[in-house]
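Biologist: Could you walk me through this one, starting with the overall picture and then going into the details?

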Amino acid sequence: MGAIADQTSSSNNTTQPPPPLDSSMEVLPMDVHKVALPPPQTSLQKLKVRFKETFFPDDPFRHFKGRSCATKWLLAVQYIFPILQWAPNYNLSLFKSDVVSGLTIASLAIPQGISYAKLANLPPIIGLYSSFVPPLIYALLGSSRDLAVGPVSIASLIMGSMLRQEVSPTKEPGLFLQLAFTSTFFAGLVQASLGILRLGFIIDFLSKATLIGFMAGAAIIVSLQQLKSLLGITHFTTQMGLVPVLSSVFHKTDEWSWQTILMGVSFLLFLLLTRHVSMRRPKLFWISAGAPLASVILSTLLVFAFKAEKHGISVIGKLQGGLNRPSMNMLHFHGTHLALVMKTGLITGIISLTEGIAVGRTFASLKDYQVDGNKEMMAIGFMNIIGSCTSCYVTTGAFSRSAVNNNAGCKTAVSNIVMAVTVMVTLLFLMPLFLYTPNVVLGAIIITAVIGLIDIPAAYHIWKMDKMDFLICICAFLGVIFISVQEGLAIAVGISVFKILMQVTRPKIVILGNIAGTDIYRNLHHYKDAKRMPGFLILAVEAPINFANVTYLNERVSRYIEDEKMGEKQLDFNYVILDLSAVSAVDTSGISFLMDLKKTLAKRGLELVYVNPVGDVAEKLQRANEIHSFLGVDSLYLTIAEAVLSLSSMMKEQP
């Protein structure tokens with residue numbers, strides 16, 4: 001046996017009896033490096049390290065070390081309210097940039113807020129309420145400088161479709177509104193809990209492939225739902241699937257309105273054109289940012305001037321002005337719909353949280369600053385909890401608005417405050433102006449906003465990189481458009497979990513060969529110039545060994561041995577070398593597998609040798625050997641090259 005060390009040890013006396021198995025052993029048949037145990041730790045210390053790496057990987061308390069009590073309290077308050085970190089250094093130059101960006105995103109947030117509220121089957125005013133209070137809360141608690149907060153299309157779609165399964169927004173609007181506020185409360189509770197309990201890793205189960213397929217499917221469903229507004233259909237299906245929507249469209253041709261279609265297509269082309277211009281020339285971002293508000297103003301003027309509401313073009317109608325009304329009394333935590341609002345809150349909370357954190361981290365990386373994921377969860381969570389009590393539905397950081405905010409030159413979260421103040425002015429003084437705003441333009445705004453969620457290049461990249469991930473992407477996409485939004489997401493997450501289970505239960509194990517002229521050993525099926533070493537079968541396990549995969553590993557090793565000895569090549573070897581370099585962890589079942597495998601191979605006349613067990617694996621092998629004494633002096637080596645060289649010299653010495 002050898003043990004890890006920086007120096008080597010040697011002995012010219014090979015007639016000495018084998019030394020006992022110990023980490024300090026130095027007498028070996030030839031020069032080899034030692035394989036040492038990791039620094040000793042108690043079980044409590046190991047548990048502490050594992051707990052810290054699981055729940056506190058970012059080490060948020062590192063800034064508190066060595067500070068005075070008063071400084072620690074100040075840092076704690078700044079951690080809770082990040083605005084206190086940068087507010088003392090805020091100046092007029094920063095304020096000018098934030099005012100420009102805040103007004104710019106307000107011009108986008110106002111029409112989007114009204115549109116997304118209708119997408120969620122809620123009164124349009126709720127969308128404006130949700131663009132007022134939540135941005136103020138986020139400005140106090142959030143750590144992103146670029147995130148523009150408000151309603152988003154995906155969360156609006158999910159909430160509207162899930163609640164509509166049990167309650168009609170037209171027949172029972174009051175109850176539907178209560179369920180929306182209660183769902184928002186549960187969404188915020190889930191989000192804040194994930195942040196407080198440091199459970200942010202849970203949202204990592206929504207892989208990139210899952211989100212790309214889900215977003216694309218949801219974008220198509222959202223767009224198809226707008227056909228009701230674009231065509232002027234009065235009686236439209238309440239289902240979300242592709243087939244029922246198209247069926248409803250073509251079975252209601254008698255309700256199509258050419259005036260509505262003309263206006264809708266015209267403004268849709270205008271919005272798509274401005275989007276295209278801004279994508280081709282990023283410096284002209286303000287064109288697409290201001291296009292939705294310009295469309296609302298122009299279409300409202302046209303409807304008012306030509307009395308178009310009397311010619312089949314439906315309008316929003318009168319919106320009650322004033323600031324957000326308290327809605328705490330509308331939260332219901334009992335009754336027959338409790339399970340529905342909890343499920344809706346969970347799904348919308350996870351989806352909106354994933355989108356908000358992803359957007360925040362994207363723009364933080366562009367500007368080279370850090371966004372604390374768990375802090376963001378708490379900020380978005382408390383934002384929605386407070387929002388549910390002030391007539392708001394679920395909100396998060398929207399990519400389109402955040403992109404505009406970034407391009408407009410925002411410097412801090414003050415841009416959210418400026419946007420909220422602009423919305424406040426709209427709520428107080430400008431609500432009568434929306435009386436003649438046509439619904440068809442709101443539908444066009446929604447289509448333009450969600451069309452960017454269809455990322456074909458990203459899907460093609462996934463296809464080229466990983467076919468299994470592409471399958472997950474396609475399943476999420478097809479599930480959303482043919483079944484429903486939540487079922488499509490569930491299918492994709494289920495396949496993702498299945499993929500992880502397959503990787504755990506069916507770990508990769510390969511045969512290694514030597515690259516001539518080097519001490520490097522690589523996969524024989526991967527490197528053509530890698531050659532088998534006579535007298536050796538060298539295997540490498542490339543995953544942790546645990547109870548879930550020991551049966552498979554045992555069968556796979558046995559099959560390799562049979563194939564090599566009894567197959568076409570009928571190779572003769574005396575040693576099986578098991579490379580454990582990539583085995584990051586092992587449990588008691590894994591240790592039993594390694595022990596039993598050595599005994600099983602010994603009965604076949606083969607010697608099993610372990611190479612480079614790391615960390616926890618080496619320690620558990622040592623403990624198992626202290627009890628069962630299954631490791632011999634030549635059973636453990638630091639590298640494959642040293643094992644082959646040492647065992648080859650021993651074979652030559654044998655008569």
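Biologist: What sort of model is it, and how are the residues numbered?

Modeller: It is a predicted model, in which local features need pLDDT of at least 70, side-chain atom pairs count only at pLDDT 80 or more, and totals for chains, interfaces and linings use all residues. Residues are numbered from 1 along each chain as its sequence is written, and side-chain values use heavy atoms, with hydrogens and water left out.

Biologist: How many helices and strands does the protein have?

Modeller: The secondary structure comes to 25 helices and 11 strands, where helices (H or I, at least four residues) and strands (E, at least two) are DSSP runs numbered from the N terminus. Taken along the principal axes, the C-alpha atoms fill a box of roughly 110 × 65 × 55 Å.

Biologist: And what share of the residues is buried?

Modeller: Of the 655 residues in the protein, 51% are buried; buried means under 20% relative accessible area, exposed means over 50%, and partly exposed lies in between, with a 1.4 Å probe and protein chains only.

Biologist: Which strands does β9 pair with?

Modeller: Strand β8 (residues 535-541) pairs with β9 in the parallel sense over 6 bridges, with Leu537 standing opposite Val576 in β9. Strand β10 (residues 607-611) also runs parallel to β9, joined to it by 5 bridges, and there Tyr575 stands opposite Glu607 in β10. Pairing here requires that DSSP finds at least two bridges between the two strands.

Biologist: What handedness does the β-α-β unit with β9 and β10 have?

Modeller: The unit made by β9, helix α23 (residues 588-603) and β10 is right-handed, in the sense that, with the strands pointing away from the viewer, the path from the first strand over the helix to the second runs clockwise.

Biologist: Back to β8, then: how many of its residues are buried?

Modeller: In β8, 7 of the 7 residues are buried, so this strand is largely enclosed by the rest of the structure. Strand β5 (residues 509-515) pairs with β8 in the antiparallel sense over 3 bridges, and Val510 stands opposite Ala540 in β8.

Biologist: Changing topic, what volume does the largest pocket have?

Modeller: The largest pocket has a volume of about 1300 Å³. Among the 40 residues that line the largest pocket, the closest to its centre are Arg275, Phe399, Ser400, Ala403 and Gly452. A pocket is an open set of points on a 1 Å grid over the protein atoms alone, where a 1.4 Å probe fits, with protein on both sides within 12 Å along at least five of seven lines, and lining residues have an atom within 4 Å of a point. Grid points are joined across faces, edges and corners, and the volume is the space filled by probe spheres set on the points.

Biologist: Which helix gives the most to that lining, and how does the lining split by class?

Modeller: Helix α14 gives the most to the lining of the largest pocket, with 6 residues. By class, the lining has 25 nonpolar, 11 polar and 4 charged residues, where Ala, Val, Leu, Ile, Met, Phe, Trp, Tyr, Cys and Pro count as nonpolar, Asp, Glu, Lys and Arg as charged, and the others, Gly among them, as polar.

Biologist: Now some single residues. Is Ser101 buried or exposed?

Modeller: Ser101, which has its place in helix α4, is buried, with a relative accessible area of 0%. The side chain of Ser101 reaches the backbone oxygen of Asp98 at 3.1 Å.

Biologist: Where does Asn121 lie, and what is its phi?

Modeller: Asn121 lies in the loop between α4 and α5 (124-129), and its phi is near 65°, a positive value in a residue other than glycine. Ser629, in the loop between α24 (616-628) and β11 (636-637), has a positive phi near 50° and counts as exposed at 56% relative accessibility.

Biologist: And how far apart are Ser229 and Val440?

Modeller: Their C-alpha atoms are separated by 4.7 Å, although Ser229 and Val440 are 211 residues apart along the chain. Ser229 is in helix α10 (residues 227-231) and counts as buried at 18% relative accessibility.

Note on methods. A polar contact is a pair of N or O atoms within 3.5 Å; within protein, one must be able to donate a hydrogen and the other to accept it, and residues adjacent in sequence count only if both atoms are side-chain atoms.
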